[in-house]
Amino acid sequence: MPCELSVQDVHYRYPNKHQAVAGLDFRMATGVLGLLGPNGAGKSTLMRILSTLTKAGAGKVLWNGQDIARSPDALRSELGYLPQDFGVYPTLTAREFLAYLAAVKGLPVALARTRVEACLAMVGLEEAADRRLGDFSGGMRQRVGIAQALLNDPRLLIVDEPTVGLDPEERLRFRHLITDLAADRLIILSTHIVSDVEASATALAVMSKGRLPFFGSQDDLVAQAEGKVWEWLVPEHALASARASFTVSSSLRRPDGVRLRIVADAAPSTDAVSCKPTLEDAYLWLLARAEAR
């Protein structure tokens, strides 16, 4: 089945006149789109537009050629959505809660039972399925949120900050799950954590101030930062000044001083050494440029 999302010159302004989304254009088919950006960049607003919860102020969003503002049900039947502020009913068990949401989504009873068990297994909650959600940890509740987004086996899966509250093992489980699911659907993973998308995203979109300064592959973004990353050894007393003057992506204390990783167009000092950028370096470099405009 086809699977294509087309965002065409989309704008959104809040009643207080704040421009949350400003002229976004991109197209994505099957795979994982990593949507990166700092808090306040407009990511959650875009997620709400794409999930038909909010209408764009201008522009169009097409799902397989259909305008989702005019025909929202065409997308909703194929949509799974995990919002950033996902809540649960604490008195229900995980199995009861998912069964309730399956009914809300309109799944036939027999299919609902099968999907509930399958989704519990996908997120590793089989053994905890009959525990009350009020007794779950934050990470376990987040896994329930991921499970409910998968109940209708969606062709478009949108997840907003999905790894919040997950421990390293749970985060790794989530990344593997996303990779497995992306074979025949489009997944949009919105986050401000670069490592969440580095292992699984087939394309990246970076948002800043409601705009999209970058859309492309991870390799393309890293290539843009070539010659913009430096290693610089500074004495301890110069650390605060260096952080105030430059974008520092990492710092490591050593017996002879503090080794900094600096993201800048020019060397911060004559003794700084150029080094190969990582995806996080490239992301920080791009944000610094976009925020300065």
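Is Cys 119 buried or exposed?

1. **The cysteines.** Please keep in mind that this is a predicted model. Cys 119 is buried, and its relative accessible area is 0%. Cys 275 also counts as buried, at 16% relative accessibility, because the cut-off for that word is under 20% relative accessible area.

2. If you go looking for disulfides, the count comes to zero. Cys 119 is in no disulfide, and the nearest cysteine sulfur belongs to Cys 3, 18 Å away. That pair does not qualify because a disulfide needs two cysteine sulfur atoms within 2.5 Å.

3. **A cavity.** How many cavities of 30 Å³ or more does the model hold? The count comes to one, and the volume of this largest cavity is about 50 Å³. Two elements give two or more residues each to the lining, namely α5 (138–149) and α6 (168–181). Of the elements, α6 gives the most, with four residues.

4. **What lines the cavity.** By type, the lining residues divide into six nonpolar and three charged, with no polar ones.

5. **A four-stranded sheet.** Next, have a look at the open sheet formed by four strands, whose order is β12-β13-β11-β14 and whose pairing is antiparallel. At its edges lie β12 (247–254) and β14 (273–274), each pairing on one side only. Inside the sheet, β11 (residues 229–234) pairs with β13 (residues 257–263) in the antiparallel sense, over six bridges. A handy place to check this pairing is Leu 233, whose bridge partner in β13 is Arg 259.

6. **A hairpin.** Which strands form a hairpin with two residues between them? They are β9 and β10. Strand β9 covers residues 203–208 and strand β10 residues 211–216; the two run antiparallel and are joined by four bridges. In the turn, Lys 209 has a positive phi of about 55°.

Methods:
Residues are numbered from 1 along each chain as its sequence is written. This is a predicted model: local features need pLDDT of at least 70, side-chain atom pairs count only at pLDDT 80 or more; totals for chains, interfaces and linings use all residues. Side-chain values use heavy atoms; hydrogens and water are left out. On a 1 Å grid over the protein atoms alone, a cavity is a set of points where a 1.4 Å probe fits but cannot get out, and a pocket is an open set with protein on both sides within 12 Å along at least five of seven lines; lining residues have an atom within 4 Å of a point. Grid points are joined across faces, edges and corners, and a volume is the space filled by probe spheres set on the points. Ala, Val, Leu, Ile, Met, Phe, Trp, Tyr, Cys and Pro count as nonpolar, Asp, Glu, Lys and Arg as charged, and the others, Gly among them, as polar. Two strands pair if DSSP finds at least two bridges between them. Buried means under 20% relative accessible area, exposed over 50%, partly exposed in between (1.4 Å probe, protein chains only).
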